[in-house]
Amino acid sequence: MEYSRTRKTLYNAFFGVVTRVITLVMSFVTRTIFIKTLGIQYAGVSSVFTDVLTVLSFAELGIGSAITYALYKPIAENDEEQIAKYMTVYKKIYRVIALVVFAVGLLLIPFLDYIITDAPDIQEDIRLIYFLYLLNASVSYLLVYKSTFLTAAQKDYLVSRYKIIISIVRLVVEIIILLLTHNFILYLIVAIAMTIVNNFIIAKVAEREYPVIKKKSDVHLEKHEKKKLIGDVRALALYKVSGTLVNSTDSIITSSMLGTTTAGILGNYTLISNQLYNFLMQIFIASAASIGNLAVSSKAGAQYEVFKKMNLICYWIYFVCGTCLWTLFNPFMKLWQGEELLFGTVTVIVLVLDFYIKGMLSPITQFRTANGLFVQGKYRPVIMAIINLVVSVVLAKQIGITGIILGTIISRATTQLWYDPWLVFKNVFSKNVLKFYAEYIMQVVLLITACALSSWILSVVCPVTSILSLIVGGIASVVISNVLFVIVYGRTDAFKAVLALLKKIIKKEL
């Protein structure tokens, strides 16, 4: 049975959200036990090495996005020969990527003393720990090309239940190891094993659903196909490298300039904000292949109508979540880790703003990628990365951790925040973007208003941090943000369209 684009999106979103909820709970539980059994210094080392290897992932160069985009048309046309050609190329490329990541990672070992500057109080050899993180990052690329095909085919939901089971097994084993042995090395070995098992199972599911991906093709890509693919990869490489530098260097800069303890505390905050962001992103990632299918089969007007609904849903979600995060971040962190591991109010505010700005760009990013706008604006991410690194380092010397996070916000605001919407509106929707900018500014003002009201109510009703204060703050944040949202958007056509869509979903008419 073949489902509609909307139903596939809903299935992908639902199972993606369920998987992320479980991942969020698991990450929270594991992090809590991790810090209690091993200490904040280990948490700091873990955060730094995770980000170092995320930076190394630039070796992927955006090839996954380029191949996914290239697959939209042959999948829509059921062109098995074309699919086989791209999958054969994809397989070869990802084997090379795994080797490149491993090799470049080994070259960084002599420089670890410059990344971990304050000699954390841990028993294990820091180089062995890094090597195991590197090995995990390298094997993660094996067989991943098959799961990417499911993404392009709008069928991520087929493997979600396997991811859930594997995640739960991994959580249980890791907790047992931490509680019984306090052995960090064994903990990392389990992580490597579960990465291999996860990729193997998903690859088998993909093969079962689409035997065509097992088919080897001796036919090379046509000259124009290869030229298009290489051009897209070159442009995406700049997006990939620059995006990685912007999103994954905060803990590295923090560790090298402020110490691993501060990096560990930052890791506690970003665990919550990043997991929440990844959780919410499932809604929009789930729609990526559907938008890609829409892009190759519909006109600009149809895409714009879909975008308006998606953008309003995005703001509604991030408006509510941003308000909750702003109001509850420090009260929650105080109950979870204690007052000695808290950041100041200003630092929390910039963390929430970074979360909000990054999240609100999701619909624009999905439409830019789905329409293959890779070459256009390829130097924008380079400029953003340079601004981020320079401003973060300069501000870190002046105002510490707040400056590092603020550097990320400034880099986004001066580049991606205005340029990517302009690019999509011009090349996809053929519309003026000024109205979008004006509405975005109004939305930020609305967010600040909701946050201020919620924080004030919490300080008046429950000035002392407790479980009750979290409940009161959560209720205040949800109610105030939703009331303000309905007041401002309740009469708009986009809101009515979203409500109509929700009613169809509830009635299962899609």
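Buried here means under 20% relative accessible area, and by that cut-off both Y269 and F343 are buried. Keep in mind that this is a predicted model. The protein is built from 22 helices and 0 strands, and buried residues account for 55% of its 510 residues. Here's a quick tour, starting with the overall build and moving on to the rings, the cysteines and a few backbone spots.

**Overall build**

- Take the contacts between residues at least 6 apart in sequence: 84% of them join residues at least 24 apart.

**The nonpolar core**

- In soluble globular proteins, nonpolar side chains tend to be buried together.
- In this model the largest nonpolar core has 125 residues.
- Helix α14 gives the largest share of this core, with 15 residues.
- The residues with the most contacts inside the core are F49, I129, F149, F184 and Y318.
- Once neighbours within four places in sequence are set aside, F184 is in contact with F34, L38, Y42, E124, I129 and Y133.

**Aromatic pairs**

- A pair of aromatic rings is described by the distance of the centres and the angle of the planes.
- The structure holds 30 aromatic pairs.
- One of them is the stacked pair of Y269 and F343, at 4.9 Å centre to centre with 20° between the planes.
- That pair links distant parts of the chain: Y269 belongs to helix α12 (residues 260-285), while F343 sits in the loop between α14 (300-337) and α15 (345-360), 74 residues apart.
- F307 and F425 have ring centres 5.8 Å apart and planes at 90°, so this pair is edge-to-face.
- F307 in helix α14 and F425 in helix α19 (residues 416-429) are 118 residues apart, so to speak a link between distant parts of the chain.
- F307 and F425 are both buried.
- There is also one aromatic cluster formed by Y315, W316, F319, Y356, Y440, F485, Y489 and F495.

**Lysines over rings**

- K358 lies over the face of Y277, at 4.5 Å from the ring centre.
- K431 does the like with Y304, lying over its face at 4.8 Å from the ring centre.

**Cysteines**

- How many disulfides does the model have? The count is 0.
- For C451, the closest cysteine sulfur is the one in C324, and at 9.0 Å it is too far for a bond.
- C451 counts as buried because its relative accessibility is 0%.
- C462 counts as buried too, with 10% relative accessibility.

**Helix α16 and what follows**

- Of the 9 residues in helix α16 (residues 362-370), 7 are buried, so the helix is largely enclosed by the rest of the structure.
- The buried residues in α16 are S362, P363, I364, Q366, F367, R368 and A370.
- Just after α16, G372 has a positive phi of about 70°.

- Most residues other than glycine have a negative phi, and most peptide bonds are trans.
- You'll find H182 in the loop between α8 (157-181) and α9 (184-209).
- Is H182 buried, partly exposed or exposed? With a relative accessible area of 40%, H182 is partly exposed.
- S430 is not a glycine either, yet has a positive phi of about 55°.
- Look for S430 in the loop between α19 and α20 (434-461).
- S430 counts as exposed, because its relative accessibility is 59%.

**A look at L128**

- L128 sits in helix α6 (residues 126-139).
- At 39% relative accessibility, L128 counts as partly exposed.
- L128 and I109 are 19 residues apart in sequence, and their C-alpha atoms are 9.7 Å apart in space.

Notes: Residues are numbered from 1 along each chain as its sequence is written. This is a predicted model: local features need pLDDT of at least 70, side-chain atom pairs count only at pLDDT 80 or more; totals for chains, interfaces and linings use all residues. Side-chain values use heavy atoms; hydrogens and water are left out. Rings of Phe, Tyr and Trp (its six-membered ring) pair if their centres lie within 6.5 Å; planes under 30 degrees apart count as stacked, over 60 as edge-to-face and the rest as tilted. Helices (H or I, at least four residues) and strands (E, at least two) are DSSP runs, numbered from the N terminus. Buried means under 20% relative accessible area, exposed over 50%, partly exposed in between (1.4 Å probe, protein chains only). A charge sits over a ring if NZ of Lys or CZ of Arg is within 6 Å of the ring centre and within 35 degrees of the ring normal. A disulfide is a pair of cysteine sulfur atoms within 2.5 Å. Contact means heavy atoms within 4.5 Å. A nonpolar core is a set of buried Ala, Val, Leu, Ile, Met, Phe, Trp, Tyr and Cys residues joined through side-chain atoms within 4.5 Å.
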